[in-house]
Amino acid sequence: MLLLVVLVVLVVLVLIFIALYNKLVRLRNRVDEAWAQIDVQLRRRYDLIPNLVETVKGYAAHERQTLEAVIAARGAAQSLNAQGASPAAIAQAEGALTNALRGLLAVAEAYPDLKANQNFAQLQEELTTTENKISFARQHYNDTVRQNNTAVETIPTSFVAPIANVTRRDYFELDPTDPSRNPVQVQF
Amino acid sequence: MYDAIARNRRKSWLLVALAFLLLFAVAEAFNLYVGGGPAGLLVALAIASAGTVGSYYFSDKLALAITGAREVEHQHAPQLVNVVHEMAIAAGLPMPRVMIVPDPAPNAFATGRDPEHAVIAVTTGLLERLDREELQGVIGHEMSHVLNRDTRVTTLVVAVCGAIVMLCDLFWRFSFFGSRRSRSRDDNSGAAAILLVIGIVTIVLAPLAAALIQAAVSRKREELADSTAVALTRNPAGLRRALEKLMGDQSVVRKTSRATAHLWIESPLDREHGGSWLNRMFDTHPPLTQRINALRTIENAGP
């Protein structure tokens, strides 16, 4: 009888362990997926920038400083991303890139010919949507990170987390004082 | 705002439960008068589930066939497809198919049985009139219908209410031509007579009640989609301005009918009909002014 009770308790414990373990792994995978979604958009933005810079150069070549700031910010962000830096570090570089782009688009406002350019209008739409997607994907990513971190820190999942190799994750937070927390506003 | 979403969800499920209760009441009345034991109930359930299954799988194809929508890719309508993708990311849903309805009246709808089969369609008139932010608000509203599984809830209610109406129809046929076995069984005691009267009243009023419930569910889902859209876009002004533009527009969607009215972001049928209390009870959408005011309240409250 006692043996049976012990056996039942053991089986229940094992089942609980499996459930917790799987929950943690699911959370970790969800964070990874959400990060991949941000990453797709970040890369899309790196790809758009050379075209944008070239187009703007055709109309406003003497805005050298603004153009170079964008190129430099893009290079910094891309190399950090390629090194697989932490989301916090990448977020900071991306925040700077967003600011540089905002400056470039503000400059573009002063060139009616540039704004009338079909290619520029297309690039602007693609850039706007990419900025929006980054910002929406960031919300989703941060939600999944919050769930992951809560699970890692609260009982009973906290006991299983080291075994499942699930750890705390970084939020993708742009500097809170930075205006680039809001996506670039493009006026049509 | 999140409280409003939870409250709304409770209310619409309450309405779904009410529709089912009504179905049972009708089936019971049917049983009482026509006889046949639990057969009436079984027929009711069979009709309701056949309707649900049928519309579950074919509602999207049907709606698209009726409206004449055609699918578009990124190169045809970059901004539209981009905005839909943004909202899909915000909602954490797979990218739905995007369609355009060639119609000058500005309107939009979402359909499909689940997020994997979702379709979001807008009219050409909508694309012409709205700017990017407004379009995002409208698409956010449609994406909310997908996110909240509204197509499923509405399908359920439409099927149940349809079954009620059919059963009542069936009742009149039976009572005119069928043999009323119940008459010999009931020895005209007072209680039985009262039950019969209640049964008749139920059958007379049920189709009306079904129409009211169907409209009420649709209105609740529209309200819910408005608040969910704000949660997705974090920008109540976009949807608010879009609805204001829709209000200013008097054109009516051509290829539509009552059957698809609940699908659209704004009622595609007659708009400014007196606005009497009784008329409003049968509307599939809350009045635009009310929706605009609700969005304005969120706007003024700040994030």
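What follows is a set of questions and answers about the terms used for this structure.

Q: What should I know about the model and its numbering before we start?
A: Residues are numbered from 1 along each chain as its sequence is written, and chains are lettered from A and ligands numbered from 1 in the order in which they are written. This is a predicted model, where local features need pLDDT of at least 70 and side-chain atom pairs count only at pLDDT 80 or more, while totals for chains, interfaces and linings use all residues.

Q: How many helices and strands are there in chain B, and what makes a stretch count as one?
A: Chain B has 12 helices and four strands. Both are DSSP runs numbered from the N terminus: a helix is H or I over at least four residues, and a strand is E over at least two.

Q: What makes two strands of chain B a pair?
A: Two strands pair if DSSP finds at least two bridges between them. Strand β1 (residues 70–71) and strand β2 (residues 97–101) of chain B are joined by two bridges and run antiparallel; here B:Glu71 stands opposite B:Met99. β2(B) also pairs with strand β4 (residues 119–123) of chain B, in the parallel sense over five bridges, with B:Ile100 opposite B:Val122. Four bridges link β3(B) and β4(B) in the antiparallel sense, and B:Ala108 has B:Val122 as its bridge partner.

Q: In which order do the four strands form the sheet, and why do β1 and β3 of chain B stand at the edges?
A: The order is β1-β2-β4-β3 (chain B), in an open sheet with mixed pairing. β1 and β3 (108–111) of chain B each have a single partner strand, so one side of each is left without a neighbour in the sheet. Helix α5 (residues 132–147) of chain B packs on this sheet, where it touches β3 and β4 of chain B, and its direction makes about 20° with that of β3(B).

Q: Why are α5 and α6 of chain A called roughly perpendicular?
A: Helix α5 (residues 118–153) and helix α6 (residues 157–164) of chain A pack at about 105°, with axes 6 Å apart. Axes are lines fitted to C-alpha atoms, for helices over the stretch in contact, and angles run from 0 to 180 degrees between N-to-C directions. Angles under 35 degrees count as roughly parallel, over 145 as roughly antiparallel, 65 to 115 as roughly perpendicular and the rest as oblique. α5(A) and α6(A) are therefore roughly perpendicular to each other.

Q: Which peptide bond is cis, and where does its proline lie?
A: The bond from A:Ile155 to A:Pro156 is cis, with omega near 5°. A:Pro156 lies in the loop between α5 and α6 of chain A.

Q: How do you know whether A:Asn165 is buried or exposed?
A: With C-beta atoms placed from the backbone, a residue is buried if 20 or more other C-beta atoms lie within 10 Å of its own, exposed if 12 or fewer, and partly exposed in between. A:Asn165 has 9 such neighbours, so this residue counts as exposed. It is found in the segment after α6 of chain A.

Q: Why do B:Arg234 and A:Lys115 get the label partly exposed?
A: B:Arg234 has 14 C-beta neighbours inside 10 Å, so B:Arg234 counts as partly exposed. A:Lys115, in helix α4 (residues 112–116) of chain A, has 15 and therefore counts as partly exposed.

Q: What makes the phi of B:Arg234 worth a look?
A: The phi of B:Arg234 is near 55°, a positive value in a residue other than glycine. Most residues other than glycine have a negative phi.

Q: What makes a set of residues a nonpolar core, and which have the most contacts inside the largest one?
A: A nonpolar core is a set of buried Ala, Val, Leu, Ile, Met, Phe, Trp, Tyr and Cys residues joined through C-beta atoms within 7 Å. The largest has 77 residues, and those with the most contacts inside it include B:Val84, B:Met87 and B:Ile120.

Q: How many residues of chain B are in contact with chain A, and what makes a contact?
A: Two residues are in contact if their C-beta atoms, placed from the backbone, lie within 7 Å. 10 residues of chain B are in contact with 10 residues of chain A. Helix α3 (residues 78–91) of chain B gives the most to its side, with seven residues.
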